[in-house]
Amino acid sequence: MKSWLIVNTFMDNQKFVNLYKLLSESFKKRNVSLEIKRAEDVSLEIGKPVINKPDFAIFWDKDIYLAERLEQNGIKLFNNSRSIYLCDNKILMYQELAKHNIRIPRTIVAPKTFEGLGYTNRIFLDNAINELGLPIVIKEAYGSFGEQVYLAEDREDANLIINRLGHKDFLLQEYIASSKGRDIRINVVGNIAVASMLRENKNDFRSNISNGGNGTAFSPSDDYIDLAIKAAQSLNLVFAGVDVMFGEDGPIICEVNSNPQFASTLKATGINLADNIVDYILRQVC
């Protein structure tokens, strides 16, 4: 059986290399070779067929253009291009979750602007603050590891953040004070919650491990698990890292990740998510 792990050309720091190694080793234990391919190794001229196609590929990138071309060539991707596309854009992700009645923070999308124009009219900001209150969370549509997520304590803060964004798409979201600096990362594979950890950061409103948070093994209650699984299902994800916040009256989805970093989960729980991902995929293709 021939398989590929497709990775980003430019994301070559050690934490990504370690993740690719975990996946490769899990396949090796099952006597399946996983060939790592960077985007330029398989980048296709539009309309040209893939030569020596794999039986399937794990797509650990967000290059939707490439993912769609591979699928057009009949290559089965885990996760599929549509699911990655929805998760990569937070606006689309929240819209899809809401369509399936998945509980999210109250969210308002900023009006569309363009390069060279910017957000010259801030009436939408006043309306959002009136609706959602202060402080207010501002999230860029695209971003990872919490780095493009900001907390504005007042209107002046919000204006400064929006000024820095230029013409980027973003959303405004209610601040869930009851979950400040903490949430649960629930890792879902094949509609089963296989590993969960509590993420806590005492120095930031974001709980991300990469921002200084700590992860510990955690056993969520059924309502948190059920919501995480439903969120992954609504986005048609085979595997996902679902971040669930502690709402005052129950769980709230913070984000759903189609390409979750799971080294911190392994460290916190002892569960190697690569094994679960590989076992599920092999059941689907064998």
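This is a short tour of the structure, stop by stop, with what to select at each one.

The model is predicted, so local features are given only at pLDDT of at least 70 and side-chain atom pairs only at pLDDT 80 or more, while totals for chains, interfaces and linings use all residues. Residues are numbered from 1 along each chain as its sequence is written, and side-chain values use heavy atoms, with hydrogens and water left out.

**Stop 1: a four-stranded sheet**

Select strands β1 to β4. Helices (H or I, at least four residues) and strands (E, at least two) are DSSP runs, numbered from the N terminus. The four strands form an open sheet in the order β2-β1-β3-β4, with parallel pairing; two strands pair if DSSP finds at least two bridges between them. At the edges are β2 (33–38) and β4 (77–78), each pairing on one side only.

Now select residues 56–60, which are strand β3. Two bridges join β3 to β4, and the two run parallel. Alanine 57 has leucine 77 in β4 as its bridge partner.

**Stop 2**

Select residues 182–189, strand β9. Seven of the eight residues of β9 are buried, where buried means under 20% relative accessible area, exposed over 50% and partly exposed in between (1.4 Å probe, protein chains only).

Next select residues 192–200, strand β10, which is joined to β9 by eight bridges and runs antiparallel to it. Arginine 182 stands opposite glutamate 200 in β10. The two strands form a hairpin with two residues between them, and glycine 190 in the turn has a positive phi of about 55°.

Strand β12 also runs antiparallel to β9, joined to it by six bridges. Here isoleucine 184 stands opposite valine 244.

**Stop 2: aspartate 183**

Stay in β9 and select aspartate 183. This residue is buried, because its relative accessible area is 3%. Which side chains make polar contacts with aspartate 183? One is that of arginine 199, at 2.9 Å, and another is that of serine 207, at 2.9 Å. A polar contact is a pair of N or O atoms within 3.5 Å; within protein, one must be able to donate a hydrogen and the other to accept it, and residues adjacent in sequence count only if both atoms are side-chain atoms.

**Stop 3: the largest nonpolar core**

Select Leu97, Leu235, Val242, Ile253 and Val256, which touch the most other members of the largest nonpolar core, a set of 28 residues. A nonpolar core is a set of buried Ala, Val, Leu, Ile, Met, Phe, Trp, Tyr and Cys residues joined through side-chain atoms within 4.5 Å. Elements that each supply at least two residues of this core include α4 (81–88), α5 (90–99) and β13 (250–257). The largest share, six residues, comes from α8. Another core, of 26 residues, lies apart from it and has Phe16 and Val189 among its members.

**Stop 4: leucine 171**

Finish with residues 170–174, strand β8, and select leucine 171 within it. Leucine 171 counts as buried, because its relative accessibility is 0%. Leaving aside neighbours within four places in sequence, leucine 171 is in contact (heavy atoms within 4.5 Å) with residues including Lys90, Tyr94, Val109 and Ile138.
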